[in-house]
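Student: Could you walk me through reading helix packing and aromatic pairs in a model?
Tutor: Gladly, let's take them one at a time.

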Amino acid sequence: MNRAEILDKLRTQHQALMAFLGDLNENQIHQQKEGKWSALQNMDHLLKSIQVVNPAVRKPGFLLRQAFGRPNREARTYDGLVQRYQERLQGAEAKAPKQYEAADSRQLNRQEVLKEYDQEVQRLLQYLGKVKEAKLDRTLLPHPLLGKLLMRELFYFMHYHTSHHWEAIKKSVA
């Protein structure tokens, strides 16, 4: 998938997710089932995740290469990245690292979380719209479970991760 296709997928996904969330009432947005996160907690987790990604991808390539090295392989496909993630989940506890855990749902402000999330996604999309295609395959970034990912793979992961939590949101309000 090239940069323009990734950008389109992320933009389309974001617009649909925000529209879906906009249709939820206050009870639905805070509703928790079977000890799982509420819709708002899922969004808080996604917000915390993207707040780490945004400044990382903006760092100059030479600094990232100095910190994380140079890639020694081709980028995985989207499906290959998802498969690798699911394989790694099998041997790990399926729980977000502490810094990415969601706050208590009733302590979260819906408007603030959704506004901040929207702003962060817009920053990410703006960056992706400008970044050179080559940088996506020349730059490594760390992931807590997957280790070093090519920047292209990190964008794939952002899409998959959002899809995963959107499915969780749908279950929480069903």
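The dialogue below turns to helix packing and then to aromatic rings.

Tutor: Keep in mind that this is a predicted model.

Student: At what angle do the axes of α1 and α6 cross?

Tutor: Helix α1 (residues 3-22) and helix α6 (residues 110-130) have axes that come within 10 Å and cross at roughly 165°. Angles over 145 degrees count as roughly antiparallel, and α1 and α6 are therefore roughly antiparallel to each other. Their crossing is left-handed.

Student: Which residues make the contact?

Tutor: On α1 they include Ile6, Leu10, His14 and Leu17, and on α6 they include Leu114, Tyr117, Val121 and Leu125. The residues of this contact divide into eleven nonpolar, four polar and five charged.

Student: And how is a pair of aromatic rings described?

Tutor: By the distance of the centres and the angle of the planes. Searching the whole structure gives four aromatic pairs. One of them joins Tyr85 and Phe157, edge-to-face, at 5.0 Å centre to centre with 70° between the planes. This pair links distant parts of the chain, with Tyr85 in helix α5 (residues 78-90) and Phe157 in helix α8 (residues 151-173), 72 residues apart.

Student: Are Tyr85 and Phe157 buried or exposed?

Tutor: Tyr85 counts as buried because its relative accessibility is 14%, and Phe157 counts as buried at 6%. Tyr85 also pairs with Tyr160: the ring centres are 5.8 Å apart and the planes are at 70°, so this pair is edge-to-face. Here Tyr85 in α5 and Tyr160 in α8 are 75 residues apart.

Student: What do Tyr85, Phe157 and Tyr160 form?

Tutor: One aromatic cluster. Tyr160 is buried as well, with a relative accessible area of 15%.

Methods:
Residues are numbered from 1 along each chain as its sequence is written. This is a predicted model: local features need pLDDT of at least 70, side-chain atom pairs count only at pLDDT 80 or more; totals for chains, interfaces and linings use all residues. Side-chain values use heavy atoms; hydrogens and water are left out. Axes are lines fitted to C-alpha atoms, for helices over the stretch in contact, and angles run from 0 to 180 degrees between N-to-C directions. Helices (H or I, at least four residues) and strands (E, at least two) are DSSP runs, numbered from the N terminus. Angles under 35 degrees count as roughly parallel, over 145 as roughly antiparallel, 65 to 115 as roughly perpendicular and the rest as oblique. A crossing is left-handed if the near helix is turned anticlockwise from the far one by less than a right angle, and right-handed if clockwise. Contact means heavy atoms within 4.5 Å. Ala, Val, Leu, Ile, Met, Phe, Trp, Tyr, Cys and Pro count as nonpolar, Asp, Glu, Lys and Arg as charged, and the others, Gly among them, as polar. Rings of Phe, Tyr and Trp (its six-membered ring) pair if their centres lie within 6.5 Å; planes under 30 degrees apart count as stacked, over 60 as edge-to-face and the rest as tilted. Buried means under 20% relative accessible area, exposed over 50%, partly exposed in between (1.4 Å probe, protein chains only).
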